Structures are given as structure tokens and as C-alpha cells.
Amino acid sequence: MNKRIKFIQGNDVCVEAALYAGIEFFAGYPITPSTEIAEQMASRLPMIGGKFLQMEDEISSLCAIIGASLTGHKSMTATSGPGFSLMQEALGYAVMAEIPCVIVNVMRGGPSTGLPTHAGQGDVNQTRYGIHGDHSIIVLTASNHQDIFRMTVEAFNFAETYRTPVILLLDEMTGHLREKIDIPEPGNIALVKRLRTAVKSGIDYHPYLPREDGRLPMSDFGDEHRYNVTGLYHDMWGFPSDNPKIVYGLIRHLVDKIENNSHQIARFRKYHVKDADVLLISYGASARSALHLVENRRRRGEKLGLLELQTLWPFPVDIVREVCKEIKFTVVVEMNMGQVLQQVRLAVDAPEKIFLANRIDGELITPTDIRNILRVIQGKGV
Amino acid sequence: MEKSRLLFSGSGGQGVITAAILMAEAAVRYESLNAVQAQSYGAEARGGATRSDVIIWDQPIYFPRVTQANVLICLTQTAFNKYQEMIRPGGLLVTDSRLVKNSRKVDARKIELPFYDAVMDTIKKPVVLNICMLGAVVAVTKLVRIASIKSLIAERFAQEFHETNFQAVDLGVELVRQFQSK
């Protein structure tokens, strides 16, 4: 029996992957449907010399991992909608202070305490626009266990590469679903290490002076270099500044370091897209239903394809536009009122050919639900 | 093989989700099949209606929910009333003969077994009701081997509970044997 084959929940896969990526610190406050992540971290992290802290709330959870990350340790927290709402202030701080960290949001039905034990995908826009002020952010998602593993590792990698918080947006359905996972051998997925400064002790280190390539080498806080970290606009030393040139330079840097690399950050899967007449675009648990329908219809000769998005933000505009070009019509499948639909319509040349198949009652959208929408669009009646 | 869709239902605390997980995990780890296990429950930990969906197949499984069950297992009357219409025509309906009063309208192969009474008579521990039911489901569906379920129980449960649970599995198998020889 292969020991790397496991039959576990999506939340547990996220933990396995975070450990694979080298996590050393987790702080969190348990909340359904993300609780298993905190639970597993509490038992696993101490065994590898890491630290687990149960905090008093989600605000302090994110603050704690920001601090831990600054001291040089890969850090993560996990929550769901209500907790993610509380994290927004600290999330903005992590964006501004350029702190690499991973925040998992296992979505449930919202708003407010909503539907704790049911699935929803209503937090897509919140991950992008939840915090105040202009910024850019990386948001990844996945629909099956193998991809949850990969995307969790990618989240840590992107966080280090771009010195930014990365949000891993899962949902109750995939978080609680049990299925097979073949845990990759160490070394099979490349890991990005913390980029540390080569500046020696006693020589000036500029914590916020980007290199040519936009990356900022870090110095472990409390180690040989003393520097300032703030949520205020700051100069290359990290000290507050309202100098318009510095303010302009920093906001451009925060946005550009992500938007200019959107092609490197874009992760997606194409299923039968090449010769498709009709295209589905989906992500997370909804993509499972979409793929079920696509494989089913293909067996009957219908030219249906699926573009599964794994990077939600920055939105992969070019990929979506390209794929939708030759398509008769496209249906976005999601469990909200059309949050990704909006982005797809903005991305394509013919937004009138983009439709929505959604479900907003806490139940997973079914292949039949999607098929019924397709029939209505095609004028076949349900 | 045919895609098998099983729906385990009952009341929170009866262990139907545990039984469903054991079945699906045995299929993946001991029989090299694909399986998914999903569950649905309310905010309450005990007493609420519980269901767990298991799909076992030798091909990739995408949509993880059971909308029409080949095998429907009900351990309470509430669960039976709620889920009976989800059974596929000609499917298999497994119920506890004491806990569920079965309507005759269901178009399915009905297997009513006295799980509760048998467990209370021989093992005297209601906690293994779910494992007795699992033994019966495995015996009647033959989707995984009884030995695989026992190996998994040995792996998952603390040593002191192995023997009772093995007994419960065997009891479930025996109930099916008696039922089929009637």
C-alpha cells in the first residue's frame, strides 16, 4: 500500500501542503468550515519544531502571522467569511508593509454568520476589494485535492516572490470533501525560499528599496538590521513619509509588482477548450460540477469545454479573452450572484455572449442545474 | 465497473458519517478505486438530520454529491422520510427494521435488518450500530472486501475498540447472510 496515497478532507490537504512548503508558524481562531486546518496545525506543527497559537480572534490571528513572517518564518492563518471580514484591517497592513503570508478563506454562505455548514463562493470580490485603498492582491483557488495541494504551495511561493499576502480561497464543499490525494515527493514541487538581504551588519540596509526586478530582500526582524515597519506610506528606510513622489512611487510599486506579473501568476486548467462551441468558466467546487457535465456531454458528441480558473486575482483577463474569442457563448458557473461573471464580461470582446449559471441556496450547483441553463440559452426549454 | 452512489443517512451522533468515510477510504486505499465522500449537516453536533454521500468508481469522479442513490441507507425514520425519493428505481434500500417503518411504495430492493436489536442483544453497545450497518452494506454491495474494512478499523481506531468493532462488522455480515437465505 502506497503511504503517500491518503483519503482526507480538502482542509487536511491544505495542511499537508503548507508543511511541504515549509510553514513554521500558524496562528488562528477556529471557525467552520475551516476548523480542521487549525486542528491539524495544532497537532502537526509542534512535531516539526514549528509554533501553533490559538488567538483570541481573527484580527490578532493575522497580526500574529505578520509578526512571525517578519522574523523570517513562513506563516499562515485560516478562517471563513466572518473571520475574513475581521482580518481586513491587518490584511491592508500586510499589503502596505509587504509581508509574505498566506491567508486561507474556506468560504461558507454569507453575508454575516450566514450558513456555517454550507457552501458558497460569495467572497470572491471581498478578497480583491475588502480592504480600503488602492492595491493589488493574489488570490488562488482549486477544485480537487491534487490542485489544493499545488495551489497551497504556490500561495507560499507567490507570497515570498512578490512579498505580499496571498489568499487561498477554498469553499466548504472542497474543504470538507474527502477524496484521494497522492502527496508529492519532497522536491517535486519547487519551493521559493525567503529572499534575504546580503547587506552585512553595520552597513545601511534599505528594507523598502526594491531591486531592479522589483523584489525586496528581507532582513529577519530582530536580527542584525534595525528598521521600521508601518502601515503609513513610507520611504526606503520604512519611515513614514507624505512626500508625493514617495507616495506615488510606493502605490505604483504595490500595484505593479502584481499586475505586471499577472501572466506569471495566472494558473488555470483547460478541458476540451480547443474545438469547443460552448464554453463553461468556473472555479472551486462549482468547477467539479462543470467538468462532470463537460465530460458527460463530450461522450454524446457535444462540443462543450471548460476553462477552470485557479488564479482569481489578478484576474487573468488575457487568457479569458483569448479562450472566449471563437466561442458561440460562454456560461460562468459559480455559487454567488455573478462575481466572476462580471470580470469575464469586462474581459471579453462580446459581453452579451456571457451568461450565468449559479446557485445561491447553500447547495452545490449540480450538472443538471448547469445543463438546464444551457438549454434555456439554446432555446430548447428546460 | 458501474459507478456506485451510496447515501448514508441518519441522525447526528449515530456515526453514519464515520461509516461512510470508512467505506470510501477502504475503496481508495485498499482497493485502488476512486471514491469521494461528502457530507451535509446542520449547525448542531448531535440530533440533527445527517447525510453522507459516497461515490465509488474506477474512473475520475468530479461532481461529488449523490442525487440518485444506488444504495440508500437510513438509520432513522426522519432520514427515511426525507431521502426515500432519492433512491434510483431498482436500487438497494437498507434500513433498520426497528428504527424505520418502511413504506411499501418504494421501488427498490428492500433490505430491512434488525441492526439495533442485534447489536443490543449480542454486543450490548449501541455505539457500534454504525459499524454493524457498514458490515451489512459491504456484504451486500461487495464494493470493498470485509478484510479491507477491518484493516482500516485497526488503523483508525484505538486498540481497545478493535474487537468490538470487528464483532459489529461480522454481525452485519451475518444479518445479511440470514436475510439472503430466507
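Which residues touch the most other members of the largest nonpolar core? In this predicted model, the core comprises 171 residues, and Met23(B), Ala24(B) and Cys132(B) are those that touch the most other members. Helix α1 of chain B, residues 16-29, contributes the largest share of this core, with 11 residues. Both domain 1 (1-265) and domain 2 (269-377) of chain A give residues to the core, which therefore lies between them. For Met23(B), neighbours within four places in sequence being left aside, the contacts are Val54(B), Leu134(B), Val137(B), Val138(B) and Val144(B).

Chain A contains 14 helices and 14 strands. Its radius of gyration is 21 Å, close to the 21 Å that the globule rule gives for 382 residues, so chain A is as compact as a globular protein of that length. The C-alpha trace of chain A spans about 75 × 50 × 40 Å along its principal axes. Of its 382 residues, 50% count as buried. Among contacts in chain A with a separation of 6 or more, 75% involve residues 24 or more positions apart.

Chain A is divided into domain 1 (1-265) and domain 2 (269-377). The centres of the two domains, taken over C-alpha atoms, are separated by 28 Å. Domain 1 of chain A brings 30 residues to the contact, and domain 2 of chain A brings 20. On the side of domain 1 that touches domain 2, two or more residues come from each of several elements of chain A, among them α7 (145-162), β7 (165-171) and α9 (244-259). The largest share of that side, 4 residues, is supplied by α6(A).

Between the chains, 18 residues of chain A are in contact with 18 residues of chain B. At least two residues of the side of chain A that touches chain B are supplied by each of β1 (5-9), β8 (178-182) and α11 (284-299). Of the elements of chain A, α11(A) gives the most to this side, with 5 residues. The residues on this side of chain A divide into 8 nonpolar, 5 polar and 5 charged. Strand β8(A) is joined by 2 bridges to strand β2 of chain B, residues 34-40, and the two strands run antiparallel. Arg178(A) stands opposite Gln37(B), a residue of β2(B).

Several backbone features were also noted. Most residues other than glycine have a negative phi, and most peptide bonds are trans. The peptide bond from Thr32(A) to Pro33(A) is cis, with omega near 5°; Pro33(A) is placed in the loop between β2 (25-28) and α2 (35-44) of chain A. A cis peptide bond also joins Gly110(A) and Pro111(A), with omega about 5°, and Pro111(A) is found in the loop between β5 (101-107) and α6 of chain A.

Glu98(A), a residue other than glycine, has a positive phi near 55°. Glu98(A) belongs to the loop between α5 (88-97) and β5 of chain A and is buried, with 21 other C-beta atoms within 10 Å. Ser32(B), likewise not a glycine, has a positive phi of about 55°. The loop between α1 and β2 of chain B holds Ser32(B), which counts as exposed, with 12 C-beta neighbours inside 10 Å.

Technical notes
Residues are numbered from 1 along each chain as its sequence is written. Chains are lettered from A and ligands numbered from 1 in the order in which they are written. This is a predicted model: local features need pLDDT of at least 70, side-chain atom pairs count only at pLDDT 80 or more; totals for chains, interfaces and linings use all residues. Two residues are in contact if their C-beta atoms, placed from the backbone, lie within 7 Å. Ala, Val, Leu, Ile, Met, Phe, Trp, Tyr, Cys and Pro count as nonpolar, Asp, Glu, Lys and Arg as charged, and the others, Gly among them, as polar. Two strands pair if DSSP finds at least two bridges between them. Domain bounds come from an automatic or database domain assignment. A nonpolar core is a set of buried Ala, Val, Leu, Ile, Met, Phe, Trp, Tyr and Cys residues joined through C-beta atoms within 7 Å. A residue is buried if 20 or more other C-beta atoms lie within 10 Å of its own, exposed if 12 or fewer, and partly exposed in between; C-beta atoms are placed from the backbone. The radius of gyration is taken over C-alpha atoms; the globule rule is 2.2 Å times the number of residues to the power 0.38.
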